[in-house]
Amino acid sequence: MNTAPRTVTVRVPATSANLGPGFDTLGLALSVYDELEVTALPEPGVEVHVAGEGAEDVPRDASHLVVRAIDHTYRAAGVPLPGLRLRAHNVIPHGRGMGSSGAAVVSGIVAAKGLLEGVVDFSDDDLLRLATEMEGHPDNVAPALFGGLTIAWLTPDGPQHKKLLVHRGVSPLVFVPGFTMSTSLARSLQPLHVPREDAVFNVSRSALLIAALTQSPELLMAATEDKLHQNYRAEAMPETLRLVQALRDAGFAAVVSGAGPSILVLADGPGRRLEAADIVANASDTPWEALMLAVDFKGATVKNTEGST
């Protein structure tokens, strides 16, 4: 393997998983991006520089999630890990249900793919498998990798995905609070078993949601109803669920974004998002940042720069 310094630059979108009824299955890539520059060096060791979101909290050594994802990919390829210089500019909010950990995992895997270009070839299935091995489930990493709306599922042969294009009339809006939510805590509040009628309810809404997002945005209100996870998590984020209900009462297809506490609104046009922002501003005594976003259709991108230092 050529050990001359090689630099890759990576850009990975935020994601929102579940989208209401599609628990652990549906995900949407959004136009907020973490950017990363990684240089492979001939000498061993790890050098980590972080700016932006979470810069005060993330580790600066080999335990950094991006570095671990790079190492995981090199191990899977059977190639020794080189020295690494990592420069990260984080924009995706941490601990807010916008896929920050999935984006970090994908950043590392895609960076490793770029660094190993010409040495090892990775298919889309390889990338999704590696990301799912680290993240534990594919609903966030699939849209981060491939963009758009993704359906992800697990098989004996590994995780699979299908990418769909979102109707241009769908306009995402994310409300981000100042407080965070632990994904593991959110998951611990869900029961192991749910009533049969609730399972059937979510199956119908998940199927309807695919139609609403790809063909018929006017169906988004009914399509984003959920009985599997949001209400069970209410005690951990009462303000989130209260605002979700206020938005839905006003006719907006609002759901908890991922594990929360952010709120995703799937508006049926860009103009209505200002009305939704006014509702949240007037209904809450605590600040919520309103992010007027687009659906990202590209997913993670990587660019090689040979011989950079």
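Two strands are taken as paired if DSSP finds at least two bridges between them. Helices (H or I, at least four residues) and strands (E, at least two) are DSSP runs, numbered from the N terminus. The structure is a predicted model, in which local features need pLDDT of at least 70 and side-chain atom pairs count only at pLDDT 80 or more, while totals for chains, interfaces and linings use all residues. Residues are numbered from 1 along each chain as its sequence is written, and side-chain values use heavy atoms, with hydrogens and water left out.

**View 1. Strand β2 and its partners.**
Strand β2 (residues 26-41) has 13 of its 16 residues buried (under 20% relative accessible area; exposed is over 50% and partly exposed in between, with a 1.4 Å probe and protein chains only). Strand β1 (residues 6-17) runs antiparallel to β2 and is joined to it by 12 bridges; here Thr-7 stands opposite Thr-39. Strand β4 (residues 83-90) is also antiparallel to β2, with 7 bridges, and Leu-86 of β4 faces Val-38. A further 3 bridges connect β2 with strand β5 (residues 149-155), again antiparallel. Leu-149 in β5 is the bridge partner of Leu-28.

**View 2. The largest nonpolar core.**
A nonpolar core is a set of buried Ala, Val, Leu, Ile, Met, Phe, Trp, Tyr and Cys residues joined through side-chain atoms within 4.5 Å. The largest one has 68 residues, and Val-38, Met-98 and Val-106 have the most contacts inside it. Helix α2 (residues 100-115) gives the most to this core, namely 9 residues. Contact means heavy atoms within 4.5 Å. Not counting residues up to four places away in sequence, Val-106 touches Val-12, Ala-131, Val-141, Ala-144, Leu-145 and Ala-300. A second, separate core of 18 residues includes Phe-175, Val-244, Ala-254 and Val-256.

**View 3. The four-stranded open sheet.**
Antiparallel pairing gives an open sheet of 4 strands in the order β8-β9-β7-β10. Its edge strands, β8 (254-256) and β10 (288-292), each pair on one side only. From one strand to the next the twist averages 25°; axes are lines fitted to C-alpha atoms, for helices over the stretch in contact, and angles run from 0 to 180 degrees between N-to-C directions. Strands β7 (residues 171-177) and β9 (residues 263-267) share 5 bridges, with Val-174 and Leu-264 as bridge partners. Helix α9 (residues 272-283) lies across β7, β9 and β10, at about 20° to β7.

The 12 residues of helix α8 (residues 238-249) should span 16 Å, and the end C-alpha atoms are 16 Å apart, which agrees; the expected span is 1.5 Å times one less than the number of residues. Buried residues of α8 include Leu-241, Val-244 and Leu-247. The buried residues of this helix pack against β7, α7 (220-223), β8, β9, α9 and β10. Just after α8, Gly-251 has a positive phi of about 95°.

**View 4. Val-176 in strand β7.**
Val-176 lies in strand β7 and is buried, because its relative accessible area is 6%. Val-176 and Ala-290 are 114 residues apart in sequence, yet their C-alpha atoms are 6.5 Å apart in space. Beyond its neighbours within four places in sequence, Val-176 is in contact with several residues, among them Pro-93, Met-98 and Trp-288.
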